[in-house]
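Here's a quick briefing for anyone meeting this structure for the first time. Take a look at the model, then read on.

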Amino acid sequence: MSSPPLGSTQLLVRGDQAARLTLAALESASARLRVFGAIVHGCMMVMRTLIAVPCAVSLMLALAPAFSSEPAARSADTLTSAASWLPDHEPALARRLVASGGLLLDVRTGEEYANRHIEGAVNIPIGELKVRLAEIERLTGSDKRTPIVVYCASGRRAQQAKDVLLEAGYEQVTNLGGIDDWNRR
């Protein structure tokens, strides 16, 4: 069976359907719109695939250690991606977590804390955090799922503290940012 003769130009629209169109078929406005619609639809399908597949793979890789039957050596990257679903720099969320029993951790220096701090915050300077993890364990009742809100002056040290806490196995850690962000709406 042979195909009908085609014009000099052929278009491949939506690779999965391999529709061939000739210049003659493109003469009418409705045919042009159908071709344009098929091209746009094909592009959207490709974009969905390009976006959805990497996101799904990232999610599966992040959750894999949590559902594995084998104890796995966890890297800081795996911990960050697995637990980072708790967004940073969200003052309203931070206030809700603390109000519901979460730990508010000020990682600034003792002098900064003495000058000004958020009521109820516990001060453990970032330089001492790794050696004082037992204190965090005591404050959270040994529950690694207890929410921890960390803050400093600008958010940089708080991010370092978040990384240390995630590496130590704490699952719900958020970086408020700076002390002034607490009252931000």
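You'll find Ala92 in helix 3 (helices are DSSP runs of H or I with at least four residues, strands are runs of E with at least two, and both are numbered from the N terminus). Ala92 and Arg184 sit 92 residues apart in sequence, yet their C-alpha atoms are 8.1 Å apart in space.

A word on ground rules: this is a predicted model, where local features need pLDDT of at least 70 and side-chain atom pairs count only at pLDDT 80 or more, while totals for chains, interfaces and linings use all residues. Residues are numbered from 1 along each chain as its sequence is written, and side-chain values use heavy atoms, with hydrogens and water left out.

**The overall picture**

- The protein has six helices and six strands, and along the sequence they come in the order β-β-α-α-α-β-α-β-α-β-α-β.
- How much of the protein is buried? Of its 185 residues, 31% count as buried.
- Looking at contacts (heavy atoms within 4.5 Å) with a separation of 6 or more, 59% are between residues 24 or more positions apart.

**Helix 6**

- Helix 6 covers residues 156-167, so to speak a run of twelve residues, and spans 17 Å from first C-alpha to last, close to the 16 Å expected at 1.5 Å a residue (the expected span is 1.5 Å times one less than the number of residues).
- Which residues of helix 6 are buried? They are Arg157, Ala158, Ala161, Lys162, Val164, Leu165 and Leu166.
- After helix 6 comes Gly169, with a positive phi near 105°.

**Salt bridges**

- The count comes to eight salt bridges (a side-chain nitrogen of Lys or Arg within 4 Å of a carboxyl oxygen of Asp or Glu).
- One of them pairs Lys162 with Asp88, with the closest N and O atoms 2.8 Å apart. This pair links distant parts of the chain, 74 residues apart: Lys162 belongs to helix 6, and Asp88 to the loop between helix 2 (76-83) and helix 3 (91-99).
- Are the two partners buried or partly exposed? Lys162 is buried, at 2% relative accessible area, whereas Asp88 is partly exposed, at 23%.
- Arg132 and Glu135 also meet in a salt bridge, at 2.9 Å from N to O. Arg132 is partly exposed, with 22% relative accessibility, and Glu135 is partly exposed too, with a relative accessible area of 23%. Salt bridges with shared partners join Glu128, Arg132 and Glu135 into one network.
- Asp143 and Arg145 form another salt bridge, at 3.4 Å from N to O, and Asp143 is partly exposed at 29% relative accessibility.

**Rings**

- Lys144 lies over the face of Tyr170, 4.3 Å from the ring centre (a charge sits over a ring if NZ of Lys or CZ of Arg is within 6 Å of the ring centre and within 35 degrees of the ring normal).

Conventions: Buried < 20%, exposed > 50% of the residue type's maximum accessible area, 1.4 Å probe, protein only.
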